[in-house]
Amino acid sequence: MDLFGHLKTYDYGEVHFGLDKATGLKAIVAIHDSRLGPSLGGCRFLPYDTDEAALIDALRLARGMTYKAALAGLKHGGGKSVLIRPRQHFDRVALFRAFGKFIDGLGGHYITAEDSGTGLEDMEVIRTATKHVTGVDVKNGGSGDPSPFTALGVRRGIEACVKHKLGKTTLEGVHVAVQGVGHVGYHLCKELFEAGAKISVADVDPLKAERAHREFKATVVPLDQIFEVACDVIAPCALGSALNDQTIPRLKAKIVAGAANNQLAEPRNGDDLHQRGILYAPDYAINAGGLVNVAQEVTGYDATVSRERTLKIYDTILEIAERSTKLRSPTYRIADILVEEKLAAAAR
Ligand code: NAD
């Protein structure tokens, strides 16, 4: 493996490796950038085919966290850890305690949280070995489910897009099609319903779509038709790569603004949206509410502060949209430029 080649490709930074024979711990902590503050990002616990695949996942994800935290105005850099899931039998508690000790050795340079494959119980185990952990139990100062905050931020982002693109100051009567009504999508529909929007939904789980219909009067659309709905806004809230060569030509909406991570299958799809006159709210800018909420745990959790900070996603999305129009440049590039400006200012 070309270790330093990978670090160069992803623009690093530092990487820490932890190995503990007794528990089977094999962990990688990637710290992409800490100019704005200690790095914050979740711990992934998955089986990986190769150590290289685990490293690349950590590098890629930690860099994304730098961008998300910087744009959300957090005093945190981007970090991520990957704990390689052993293929043989293992003691989960011992493994996560060993991981906690490993994190503790980094002296607060990296703060961990939940991610794919980890949950609240794992964070509680980590907490027995280090204080550099978030996503813990509410009764221990944790911030709870991040989804309502993510949804609140997405609603604010949609409002900013609607103001910029449609000249409307409220969501009353605005038609939003939501792909995926899981944790975030459900709360987003609630926000939209309360704001007077008209809602269409699609979900692979018919019970979830049905619940949105029952509670928020949403029209249920077949899965393969959600991108063709004649609506104002399409909100991808399911999987990544929703915006691709197949879906973009079918869009009737003038705005794409949703919670899913990595919505653009390729960066060039962001150019494509721009050329078609569709306003795209960059995913890491609009879906930062959950991160904003969990970051509050570091200084002492306060839901009111989390909410106030999440509401500011409106200003960020509006600034991106305005700059994009002024500079005739796609929004995903503008968002990256805004982050690079913030990081350069912090370095000065
Ligand atoms: P979730 O798993 O609870 O919800 C996803 C929903 O999408 C599920 O109901 C699932 O049935 C549905 N779905 C899957 N494939 C679909 C398809 N092809 N068409 C329609 N529906 C489909 O996940 P979530 O926590 O709500 O997160 C949604 C997205 O937002 C993910 O991409 C996630 O990475 C991102 N995100 C979530 C948060 C958060 O706070 N949970 C924060 C930032 C980003």
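This is a predicted model: local features need pLDDT of at least 70, side-chain atom pairs count only at pLDDT 80 or more; totals for chains, interfaces and linings use all residues.

Visitor: How many residues surround the ligand, and which are the closest?

Guide: A residue is counted as near a molecule if one of its heavy atoms lies within 4 Å of it. Here 22 residues surround the ligand, the closest being Thr150, His183, Val184, Asp203 and Ala238. By kind, the shell comprises 11 nonpolar residues, eight polar and three charged (Ala, Val, Leu, Ile, Met, Phe, Trp, Tyr, Cys and Pro count as nonpolar, Asp, Glu, Lys and Arg as charged, and the others, Gly among them, as polar). Helices α5 (147–166) and α6 (183–194) each supply at least two residues of this shell; helices are DSSP runs of H or I with at least four residues, strands are runs of E with at least two, and both are numbered from the N terminus.

Visitor: Which polar side-chain atom lies 2.6 Å from an oxygen atom of the ligand?

Guide: A polar contact is a pair of N or O atoms within 3.5 Å. The side-chain atom in question belongs to His183. A polar side-chain atom of Lys208 lies 3.1 Å from a ligand oxygen, and a polar backbone atom of Gly182 is 3.4 Å from one.

Visitor: Which residues have the most contacts inside the largest nonpolar core?

Guide: In soluble globular proteins, nonpolar side chains tend to be buried together. A nonpolar core is a set of buried Ala, Val, Leu, Ile, Met, Phe, Trp, Tyr and Cys residues joined through side-chain atoms within 4.5 Å; buried means under 20% relative accessible area, exposed over 50%, and partly exposed in between (1.4 Å probe, protein chains only). The largest core has 49 residues, and those with the most contacts inside it are Ile158, Val176, Val178, Leu188, Leu192 and Val201. A second, separate core of 21 residues includes Leu25, Phe99, Met123 and Val133.

Visitor: Is Ala257 buried or exposed?

Guide: Ala257 is buried, because its relative accessible area is 0%. Ala257 is found in the loop between β11 (255–256) and α8 (267–275).

Visitor: Where is Gln179 placed?

Guide: Gln179 is in strand β7 (residues 175–179), and it counts as buried at 19% relative accessibility.

Terms used. Residues are numbered from 1 along each chain as its sequence is written. Side-chain values use heavy atoms; hydrogens and water are left out. A polar contact is a pair of N or O atoms within 3.5 Å; within protein, one must be able to donate a hydrogen and the other to accept it, and residues adjacent in sequence count only if both atoms are side-chain atoms.
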